[in-house]
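My entries follow in the order in which I looked things up.

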Amino acid sequence: MKEFYDRSSQNKKLKDKTAIITGGSSGIGRSISKLFASEGASVLVADIREKAREDNISVVDEITGSGGSARYVQTDVTSLSDLEDAFQEALNYYKKIDIVVNNAGVLLMKPITEVTEEEYNWLMDINVKGVYFGVKLAAKYMIKQKTGGSIINMSSVAGLLGFSGATTYCTSKGAVTNLTRAAAVELGPHGIRVNCINPGVIKTAMTTKDVNMVGKLEVPIGRDGNTNEVASAALFLASDQSSYVNGHTLLVDGGYAAQ
Ligand SMILES: NC(=O)c1ccc[n+]([C@@H]2O[C@H](COP(=O)([O-])OP(=O)(O)OC[C@H]3O[C@@H](n4cnc5c(N)ncnc54)[C@H](O)[C@@H]3O)[C@@H](O)[C@H]2O)c1
């Protein structure tokens with residue numbers, strides 16, 4: 001295991017890189033945090049909770065316990081000052097910011113006729129405002145550093161397709177998808193790539209505890225996805241292997257949106 005997390009290895013895809021991952025304590029974000037750390041990155045987990053929603057284990061403990069580099073900063077992505085603090089903490093400890101994954105998000109399943117203003121504001125604040133200002137801060141620091149960077153936003157198949165009972169979520173993820181394109185155009189000249197990942201149903205607390213989505217979609221590949229399959233896509237977008245990929249919408253959905 002130590003070998004796995006050995007950051008000095010020449011073959012690591014994120015050797016000497018630093019990454020901020022919002023919502024990095026649970027589910028998809030947790031798998032991304034662990035994979036990035038195993039590929040040599042120093043990881044700052046910015047989440048409202050330190051322990052995973054699914055099993056109450058701290059991802060930072062998992063990573064550091066295996067010889068990797070990770071820190072946790074309690075962060076509510078709806079608060080600009082919390083986000084600023086997380087970025088500042090990453091700079092204080094890691095001296096630079098190479099990768100930002102704006103992953104924190106929430107789901108609401110409700111008919112549009114029943115959605116309240118409070119619910120709408122709650123979801124949009126986390127899913128859209130949180131991502132928007134995550135991109136803004138990433139851009140601010142990456143431009144200043146003059147080292148380029150990779151920004152990855154967590155959208156969804158619901159950012160490209162309509163789902164009944166998910167109007168707020170679809171609205172928010174559509175915004176994330178097109179924010180990604182606009183930011184990619186604006187930040188490309190600075191060597192900053194901005195891409196999004198659009199997963200189908202992935203088994204996490206969101207799709208088991210919040211709403212039972214497991215096995216509900218007819219997916220060509222015949223099953224739901226797992227968090228490691230999304231993390232692999234994030235690693236590709238974070239690493240130099242995707243050096244000419246910018247403004248892309250990377251579906252990780254077993255072919256669902258292709259039907
Ligand atoms: N699970 C899926 O099927 C699926 C599919 C498509 C897209 N997504 C997207 O992937 C992302 C991660 O989803 P998941 O399934 O891992 O969810 P999850 O609920 O398992 O984990 C989400 C994490 O975000 C954190 N979070 C929530 N609100 C926050 C806030 N205000 N500030 C900071 N952190 C906050 C939670 O504490 C949690 O650790 C979300 O953006 C979600 O919309 C998930």
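**Loop residues with positive phi**

Helices (H or I, at least four residues) and strands (E, at least two) are DSSP runs, numbered from the N terminus. The model is predicted: local features need pLDDT of at least 70, side-chain atom pairs count only at pLDDT 80 or more, and totals for chains, interfaces and linings use all residues. Residues are numbered from 1 along each chain as its sequence is written.

I noted a phi near 60 degrees for Lys146, a positive value in a residue other than glycine. Most residues other than glycine have a negative phi. Lys146 counts as exposed because it has 8 C-beta neighbours inside 10 Å. The classes rest on C-beta atoms placed from the backbone: 20 or more others within 10 Å is buried, 12 or fewer is exposed, and in between is partly exposed.

I then turned to Lys95, in the loop between helix 3 (80–94) and strand 4 (99–102). Lys95 is not a glycine, yet its phi is positive, at about 75 degrees. With 10 C-beta neighbours inside 10 Å, Lys95 counts as exposed.

I located Leu161 in the loop between strand 5 (149–154) and helix 5. Its 17 C-beta neighbours inside 10 Å make Leu161 partly exposed. Leu161 and Asp98 are 63 residues apart along the chain, and their C-alpha atoms are separated by 31 Å.

Gly134 is in helix 4 (residues 117–145). Is Gly134 buried or exposed? I recorded Gly134 as buried, because it has 25 C-beta neighbours inside 10 Å. Leaving aside neighbours within four places in sequence, Gly134 is in contact (C-beta atoms, placed from the backbone, within 7 Å) with Thr22, Val77, Leu83, Val100 and Asn102. I also checked Thr78, 56 residues from Gly134 along the chain; the two C-alpha atoms are separated by 9.8 Å.

**Helix pairs**

Helix 4 and helix 5 (residues 167–187) pack at an angle of about 15 degrees, with axes 10 Å apart. Axes are lines fitted to C-alpha atoms, for helices over the stretch in contact, and angles run from 0 to 180 degrees between N-to-C directions. Helix 4 is therefore roughly parallel to helix 5. Angles under 35 degrees count as roughly parallel, over 145 as roughly antiparallel, 65 to 115 as roughly perpendicular, and the rest as oblique. Among the contact residues I listed Leu123 and Val131 of helix 4 and Val176 and Leu179 of helix 5. The contact of helix 4 with helix 5 divides into 14 nonpolar, three polar and two charged residues. Here Ala, Val, Leu, Ile, Met, Phe, Trp, Tyr, Cys and Pro count as nonpolar, Asp, Glu, Lys and Arg as charged, and the others, Gly among them, as polar.

For helix 1 and helix 7 (residues 227–238) I noted an angle of about 50 degrees and axes 8 Å apart. That angle makes helix 1 oblique to helix 7. The contact includes Gly27 and Ile28 of helix 1 and Thr227 and Ala231 of helix 7. By class, the contact of helix 1 with helix 7 has nine nonpolar, four polar and one charged residues.

**Ligand shell**

I found 29 residues around the ligand (C-beta atom, placed from the backbone, within 6 Å of it), the closest being Gly23, Ser26, Gly27, Gly105 and Thr204. Helix 1 (27–38) and helix 6 (205–210) are the elements that give two or more residues to the shell. By class, the shell has 12 nonpolar, 13 polar and four charged residues.

Notes:
Two residues are in contact if their C-beta atoms, placed from the backbone, lie within 7 Å.
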